[in-house]
Amino acid sequence: MKKRVISALLVILISFLSLSGRLFFISSDSDFVSVQPHIRVRELGNKKGTVYDRNGKQLTNNKTKTIICAKPTAENAVLISKLKGKEYAKNTILKGNFTSFDTEGNNYINDSEDIKTFNIFERYGDSVALHLIGYTDIDGNGVAGIEKYYEKQIEEHKGKLSVAYSADALGRMLTGEKIEIRNDNYYSQGGIMLTIDRKIQVIVENALKNGSIDKGAAVVLDVKSSAILACASTPIYERDNISEYLNSPDSPFLNRAFESFPVGSVFKPVTAAAALENGIKLKEYNCKGYIEKSANKFNCNKLEGHGTIDFDSAIAMSCNPYFIELSTQIGAKKLLDTARNLGFGKSINLGNGFITSSGSLPDIKELNSSAAVGNLGFGQGKLTASPLQIALCFATIANDGIYNTPYIYKGSVDSNGNLTPSIQKDGKRVLSKITCKTIKCAMAKTTTAGTGKAAFTSLFDSCTKTATAQSGQYNENGIEIKYCWFVGFFPAESPKYVVCILKENGSSGGMDGAPVFKEISENIYINDISH
């Protein structure tokens, strides 16, 4: 019995060794290996969700390239030789290898079972809304702007496109096999929609360039909703060459539309609003070219003085003493309260932690003299704000005193391109209609007969305000750097758009900003079929 068991075990062992030896022979012999099929997968493209403008125009994934995928056939060998050269064909198709390559946009191929073309998305086709959209790193992770703060919503609609084929162990495609297309949500239309209007954005960017705003920003808001229709900043950078700009003294990565700067005379309508809301009449004033408060002398921009001047002319001609005197009548607390109601000193959350600069308002303890209050009254001192905040302030005036928080996210877009709108908060009244009407009338005079005359157009009336703010900073030549503002809304009788322009180190708001406002407003008006 014992011998039988031993014999049986020996038979099993010999059979196992024989089988193992046969498997080793098969796996090491190239003739056997070559006929064992393997599935090879070649990735053609990865795509993140698309960012759209408010009209469904693509702000990302808005450029494509064509990739050709070809099986190793005699016909394809001839075609590939013509397209890529004989050497390329020799090293790919003629060796039995499946091949894929970019056509560089200059070739048209008829698809068949043996050769196929694919449109592959490139993330950025241009630099429109560069600072707002932001950019991704080499791994596709959002680094700045919408790409960073809305990355989760964008990633929900990512996709991948690849092709699979059968090949031997040496990578040669098996004869007679088909190309399998693997589309994993790649051509989905899913993504997010912004409030940005691509046409208006391009108009704004061109106007900044034409107006030589080499360091500054511009914002366009919808009056009724405060939706951000355009947001541009200069200088710009190149997404494909980030490292070249890291040490630039001009800070090109800074989105100046959302950063804070000294304000100046665009604050004067706030002072007027504070007076009107608190029952203080806007009387005539005799401007001598200067005013003294708490032993401090403040000059007017017109050194010889404006003489007797009313409120409309004080706004139009930007008379400093008028508003210094008015602010001391109002008092620090009421002036600060009105400023806060109009968005000064408050950051704006554009969603998902995308928070703009809050700017700065002086503390009431700092406004402990008539000179300090007067300094705030015409927008000087510690007061800073962003172009977005200034645009918001004037949007509220244009909207008859209804304050709406600015927003940039319009909603999500599903794979079929359908929008699910985001929910926006209702606006709140912060100024009376009569206050706003009084300020509008004065601002209209700025364009027709004041410091904003360079913005005048025969197409429509507009309400505007200029500013040239001191910074306390000096360039290498000892000249003080000025922050020049121009802000306004149009058409005056029924405002739809607010435009705010900032130039760093400019000459004056009227000289630097007014021509840019004119170009932007005229082009928006001409392209707006609803007026």
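Strands E9 and E10 form a hairpin with five residues between them, and serine 226 in the turn has a positive phi of about 65 degrees. The model is predicted: local features need pLDDT of at least 70, side-chain atom pairs count only at pLDDT 80 or more, and totals for chains, interfaces and linings use all residues. Residues are numbered from 1 along each chain as its sequence is written, and side-chain values use heavy atoms, with hydrogens and water left out. Helices (H or I, at least four residues) and strands (E, at least two) are DSSP runs, numbered from the N terminus.

**Confidence**

- The protein chain has a mean pLDDT of 92, and 92% of its residues reach 70 or more. Here pLDDT is the predictor's confidence in each residue, from 0 to 100.
- Residues 8-36 have a pLDDT below 50. Beyond near neighbours in sequence, this stretch has eleven contacts in the model. Contact means heavy atoms within 4.5 Å.

- Strand E9 covers residues 216-222. Six of its seven residues are buried, so the rest of the structure largely encloses E9. Buried means under 20% relative accessible area, exposed means over 50%, and partly exposed lies in between (1.4 Å probe, protein chains only).
- E9 pairs with strand E10 (residues 228-234) in the antiparallel sense, over six bridges. Two strands pair if DSSP finds at least two bridges between them.
- Valine 220 has alanine 230 in E10 as its bridge partner.
- E9 also runs antiparallel to E23, and seven bridges join the two. Across this pairing, valine 219 stands opposite cysteine 500 in E23.

**Lysine 503 in E23**

- Strand E23 spans residues 497-504 and holds lysine 503.
- Lysine 503 counts as buried because its relative accessibility is 13%.
- A polar atom of the lysine 503 side chain lies 3.3 Å from the backbone oxygen of serine 212.
- Leaving aside neighbours within four places in sequence, lysine 503 is in contact with several residues, among them Ser212, Gly216, Tyr483 and Asp512.

**A three-strand sheet**

- Three strands make an open sheet in the order E4-E3-E5, with antiparallel pairing.
- Strand E4 (99-102) and strand E5 (115-122) stand at the edges. Each has a single partner strand, so one side of each is left without a neighbour in the sheet.
- From one strand to the next, the twist averages 25 degrees.
- Strand E3 (residues 63-70) and E5 pair in the antiparallel sense over eight bridges. Lysine 63 stands opposite glutamate 122 in E5.

**Helices**

- Two packed helices are described by the angle between their axes and the distance between the axes.
- Helix H14 (residues 387-398) packs with helix H15 (residues 433-449) at an angle of about 110 degrees, and their axes are 9 Å apart. Axes are lines fitted to C-alpha atoms, for helices over the stretch in contact, and angles run from 0 to 180 degrees between N-to-C directions.
- H14 and H15 are therefore roughly perpendicular to each other. The cut-offs are under 35 degrees for roughly parallel, over 145 for roughly antiparallel, 65 to 115 for roughly perpendicular, and oblique for the rest.
- Phe394, Thr396, Ile397 and Ala398 of H14 make the contact with Cys436, Ile439, Lys440 and Met443 of H15.
- Helix H9 covers residues 268-277, and eight of its ten residues are buried, so the rest of the structure largely encloses H9.
- The buried residues of H9 include Pro269, Val270 and Thr271. Just after H9, glycine 279 takes a positive phi of about 75 degrees.

- Threonine 457 sits in the loop between H15 and strand E21 (463-474). Threonine 457 is buried, with a relative accessible area of 3%.
- The side chains of threonine 457 and glutamate 522 make a polar contact (2.6 Å). A polar contact is a pair of N or O atoms within 3.5 Å; within protein, one must be able to donate a hydrogen and the other to accept it, and residues adjacent in sequence count only if both atoms are side-chain atoms.
- Asparagine 523 is found in helix H17 (residues 514-527) and is partly exposed, at 29% relative accessible area. Its C-alpha atom is 8.3 Å from that of isoleucine 200, although 323 residues along the chain separate asparagine 523 and isoleucine 200.
- Glycine 353 lies in the loop between helix H12 (332-341) and helix H13 (370-377). At 38% relative accessibility, glycine 353 counts as partly exposed.
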